Amino acid sequence: MENSYSISQNRDEQVCFCGQISATRTSWTENNPGRRFRGCRFYGRPDACDYFSWVDPPPHPRYKSIINGLLRKANNNGNEEIKMRRLLKLHQIVIGAFMIVAVIVHYVL
């Protein structure tokens with residue numbers, strides 16, 4: 001995954017160390033899948049502070065196992081979809097080539 005979190009809006013806003021309203025994010029790491037936390041809105045930029053606070057309690061090990069399994073399955077399904085699209089494109093090319101050959105053979109013979 002490119003990012004290990006997603007950002008959402010939250011009415012229960014808190015101010016981080018740099019004086020800005022903190023952003024509520026959802027972790028999608030293997031250790032904390034689906035767990036929400038608050039952090040500096042400017043995370044990843046040089047002017048960001050180190051503010052961090054969990055919103056949710058630690059997930060149960062079974063929950064982590066289920067969510068991580070579903071995430072892996074969803075990722076694999078995404079890969080399968082890409083493979084199927086490539087296969088469909090190849091199939092269309094082969095059929096198009098077959099049709100061209102059939103037309104040429106028809107007019108030549």
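Is Cys 40 buried or exposed? Cys 40 is buried, at 2% relative accessibility. Buried means under 20% relative accessible area, exposed over 50%, and partly exposed in between, with a 1.4 Å probe and protein chains only. The model is predicted: local features need pLDDT of at least 70, side-chain atom pairs count only at pLDDT 80 or more, and totals for chains, interfaces and linings use all residues. Residues are numbered from 1 along each chain as its sequence is written, and side-chain values use heavy atoms, with hydrogens and water left out.

**View 1. The chain has one helix and four strands.**
Along the sequence the pattern reads β-β-β-β-α. Helices (H or I, at least four residues) and strands (E, at least two) are DSSP runs, numbered from the N terminus. Of the 109 residues in the chain, 19% are buried.

**View 2. Strand 3 pairs with strand 2 and with strand 4.**
Two strands pair if DSSP finds at least two bridges between them. Strand 2 (residues 23-27) and strand 3 are antiparallel, over four bridges. Strand 3 and strand 4 also run antiparallel, joined by three bridges. Follow Phe 37 across the strands. Its bridge partner on one side is Arg 25. Phe 37 also stands opposite Trp 54 in strand 4. In a regular strand, side chains alternate between the two faces of the sheet.

**View 3. Phe 37 and Trp 54 form an edge-to-face aromatic pair.**
A pair of aromatic rings is described by the distance of the centres and the angle of the planes. Rings of Phe, Tyr and Trp (its six-membered ring) pair if their centres lie within 6.5 Å; planes under 30 degrees apart count as stacked, over 60 as edge-to-face and the rest as tilted. The count comes to four aromatic pairs. In one of them, Phe 37 and Trp 54 are 5.7 Å apart, centre to centre, with 75 degrees between the planes. Phe 37 is in strand 3 (residues 36-39) and Trp 54 in strand 4 (residues 52-54), so this pair links parts of the chain 17 residues apart. Phe 37 is buried, with a relative accessible area of 10%. Trp 54 is partly exposed, at 32% relative accessibility.

**View 4. Arg 36 forms a salt bridge with Asp 56.**
Side chains of opposite charge can pair when their charged atoms come close. A salt bridge is a side-chain nitrogen of Lys or Arg within 4 Å of a carboxyl oxygen of Asp or Glu. By this rule there are two salt bridges. In the Arg 36 to Asp 56 bridge, the closest N and O atoms are 2.9 Å apart. Arg 36 lies in strand 3 and Asp 56 in the loop between strand 4 and helix 1 (61-108), so the pair ties together parts 20 residues apart in sequence. Arg 36 is partly exposed, at 34% relative accessibility. Asp 56 is buried, with a relative accessible area of 18%.

**View 5. Asp 47 forms a salt bridge with Arg 45.**
Here the closest N and O atoms are 3.1 Å apart. Asp 47 is partly exposed, with a relative accessible area of 45%. Arg 45 is partly exposed too, at 44% relative accessibility.

**View 6. The cysteines form zero disulfides.**
A disulfide is a covalent bond between the sulfur atoms of two cysteines. The cut-off is a pair of cysteine sulfur atoms within 2.5 Å. For Cys 40, the nearest cysteine sulfur is that of Cys 18, 3.7 Å away. The sulfur of Cys 49 is 3.7 Å from the closest cysteine sulfur, in Cys 16, which is too far for a bond. Cys 49 is buried, at 17% relative accessibility.

**View 7. Tyr 51 lies in the loop between strand 3 and strand 4.**
Tyr 51 is buried, at 12% relative accessibility. Tyr 51 and Cys 40 are 11 residues apart along the chain, yet their C-alpha atoms are separated by 5.4 Å.

**View 8. UniProt lists residues 90-108 as "transmembrane region" (unreviewed entry).**
UniProt positions are given in the numbering used here, feature names are shortened, and annotations may be inferred rather than shown by experiment. In the model, this span is 100% helix and 0% strand. Its end C-alpha atoms lie 27 Å apart.
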